[in-house]
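Open the structure in your viewer and switch to cartoon view. Keep the sequence panel beside it.

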Amino acid sequence: HRPACDPHGHPIPYGDALPKNRPQATLASLPAGASARVESLDDRDDRAIALFAASGVLPGSLLRVEDADAARVIVRCGKRRVTLRRKHAAMVRIAT
């Protein structure tokens, strides 16, 4: 039995991904006070993936945006308060 998703939340096989005509919302698009579950992570930036893993921002995690501005997004992930650069928040795909 093979897993349905890789560790970053991408479907296996990769061809089973969401249709290209349906853009997926990201953490960067949420206003302060909003909550969402992480669906997948853009895994093209190794440093960002290490940051997400160390912060607990992983597929399946529930996040609540505490504050957001042009440069950063501050989220609550469990008991942790995590500050992400806006470009990193844009790499976190969320379920809407």
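**Before you click**

The model is predicted: local features need pLDDT of at least 70, side-chain atom pairs count only at pLDDT 80 or more, and totals for chains, interfaces and linings use all residues. Residues are numbered from 1 along each chain as its sequence is written, and side-chain values use heavy atoms, with hydrogens and water left out.

**Stop 1: the whole chain**

Select everything. The protein chain has 2 helices and 5 strands. Helices (H or I, at least four residues) and strands (E, at least two) are DSSP runs, numbered from the N terminus. Read from that end, the order is β-α-β-β-β-α-β. Of the 96 residues, 32% count as buried. Buried means under 20% relative accessible area, exposed over 50%, and partly exposed in between (1.4 Å probe, protein chains only).

**Stop 2: the sheet**

Now select the strands. In which order do the 5 strands form the sheet? The order is E4-E3-E2-E1-E5, the sheet is open, and the pairing is antiparallel. Strand E4 (80-85) and E5 are the edge strands, each pairing on one side only. Two strands pair if DSSP finds at least two bridges between them. Strands of a sheet pair through backbone hydrogen bonds, either parallel or antiparallel.

Zoom in on strand E1 (residues 35-41). E1 is joined to E5 by 4 bridges, and the two run antiparallel. Another 3 bridges join E1 to strand E2 (residues 62-68), again antiparallel. Click Arg-37. Arg-37 stands opposite Ala-95 in E5. It also stands opposite Leu-62 in E2.

**Stop 3: Ile-94**

Move to strand E5 (residues 92-95) and select Ile-94. Is Ile-94 buried or exposed? Ile-94 is buried, because its relative accessible area is 2%. Show what surrounds it. Leaving aside neighbours within four places in sequence, Ile-94 is in contact with residues including Gln-24, Leu-27, Leu-30, Ala-36 and Arg-37. Contact means heavy atoms within 4.5 Å. Next, draw a line from Ile-94 to Ser-40. They are 54 residues apart in sequence, but 6.9 Å apart in space, C-alpha to C-alpha.

**Stop 4: helix H1**

Select helix H1 (residues 46-55). H1 lies across E1, strand E3 (72-77), E4 and E5, and runs at about 165° to E4. Axes are lines fitted to C-alpha atoms, for helices over the stretch in contact, and angles run from 0 to 180 degrees between N-to-C directions.

Show the side chains of H1. Ala-48, Ile-49, Phe-52 and Ser-55 are buried. Why are they on the same side of H1? They cover an arc of only 135° around the axis, so they share that side. The arc is that of the directions from the helix axis to the C-beta atoms. The buried residues of H1 pack against E1, E3, E4, helix H2 (86-89) and E5. Turn to the other side of H1: Asp-46, Arg-47 and Ala-54 are exposed there.

Asp-45 caps the N-terminal end, with a side-chain oxygen 3.0 Å from the backbone nitrogen of Arg-47. After H1 comes Gly-56, whose phi is positive, near 85°.

Terms used
Polar contact = N/O pair within 3.5 Å; in protein donor to acceptor, adjacent residues only side chain to side chain.
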